[in-house]
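Dear colleague,

Please find the structure below, followed by a short account of what was found in it.

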Amino acid sequence: MLVDHELVARIETSFARDAAGYAITRAWLEPGCGAEVAECAGGRVIYMGPRMHVNRAMGVGVAEPASAEDVDFIVDFYASHSRDAEIELCPYADDVVRSRAAELGFRLDWFRTVYARTIASRPASRLSGAFEFTRVDSSNFETWAGVWIEHSDDADRERRFTQARHAKPGEHDFVVSMDGVPVAVCSLSIHDGLADLGGMLTRAEYRGRGLQAACLDRRLTFAGESGCELALAGATPGTSSARNIERAGFEALYTSVALVRPRRP
């Protein structure tokens, strides 16, 4: 796969818009919760709420040039919400984002490798045949959300997040069962021909049975049936998730880093 700036800009723009959808949807579901999104240098600066999963700037300076003032805006945006400023920095971003962040005292916090694979030439697979995949709707939402909640250290936060996630435009969620017992959950988001295979969790007692591979397989099939041309996934380098993604035929495109600046008094 040819990895050029045009492809990366398309992917990063999709990631940023999709992540912003969490905050926009939460603001619609819970008026007054404080969730907010701002556009910045082709990306999005996202605040979903205290302790929520998506509170960072994404895609800044990739599809459009950036300036030092854009990084200053990010710092001020999160300061207004009493939060540390965080930027998920793509290696293809305008270098002024990195240099200004360094001047302001941002530190490196974590890495994420972005993977992709084409869908059109994907061979048929029976990996997911041993499990039952059921689309999530109002009848089984509590089952799907319950798996996420039972594995969280903050049940209230997870309930609010799953509510926003499921209602977000482009979201498709599944409950995975074995012999009638829910054993895993998985999701994907579809926008503009791109399928982001994010959000998968297996209950601890059912791990090691091929469920992650089956969930990747089923979502790839669904993405193809939905007309997507490219599937995306992300993982921390060196983890079992990264290895499973690579075994499913995904190619590592680039690794982004999270830059964090503690809020100053």
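At roughly what angle do the axes of helix H4 and helix H5 cross? This is a predicted model, in which local features need pLDDT of at least 70 and side-chain atom pairs count only at pLDDT 80 or more, while totals for chains, interfaces and linings use all residues. Residues are numbered from 1 along each chain as its sequence is written, and side-chain values use heavy atoms, with hydrogens and water left out.

The axes of H4 (residues 141-150) and H5 (residues 155-167) cross at roughly 135° and come within 9 Å; axes are lines fitted to C-alpha atoms, for helices over the stretch in contact, and angles run from 0 to 180 degrees between N-to-C directions. Helices (H or I, at least four residues) and strands (E, at least two) are DSSP runs, numbered from the N terminus. H4 and H5 are therefore oblique to each other (angles under 35 degrees count as roughly parallel, over 145 as roughly antiparallel, 65 to 115 as roughly perpendicular and the rest as oblique). The residues in contact (heavy atoms within 4.5 Å) include Trp144 and Trp148 of H4 and Arg159 and His166 of H5.

Gly105 lies in the loop between helix H3 (95-103) and strand S5 (107-118). Leaving aside neighbours within four places in sequence, Gly105 is in contact with Val260, Arg261 and Arg264. The C-alpha atoms of Gly105 and Val260 are separated by 8.5 Å, although the two are 155 residues apart along the chain. Gly105 counts as partly exposed because its relative accessibility is 36% (buried means under 20% relative accessible area, exposed over 50%, partly exposed in between; 1.4 Å probe, protein chains only).

Ile74 touches Cys40, Val45, Ala57, Val60, Ala85, Glu86 and Ile87, not counting residues up to four places away in sequence.

With kind regards
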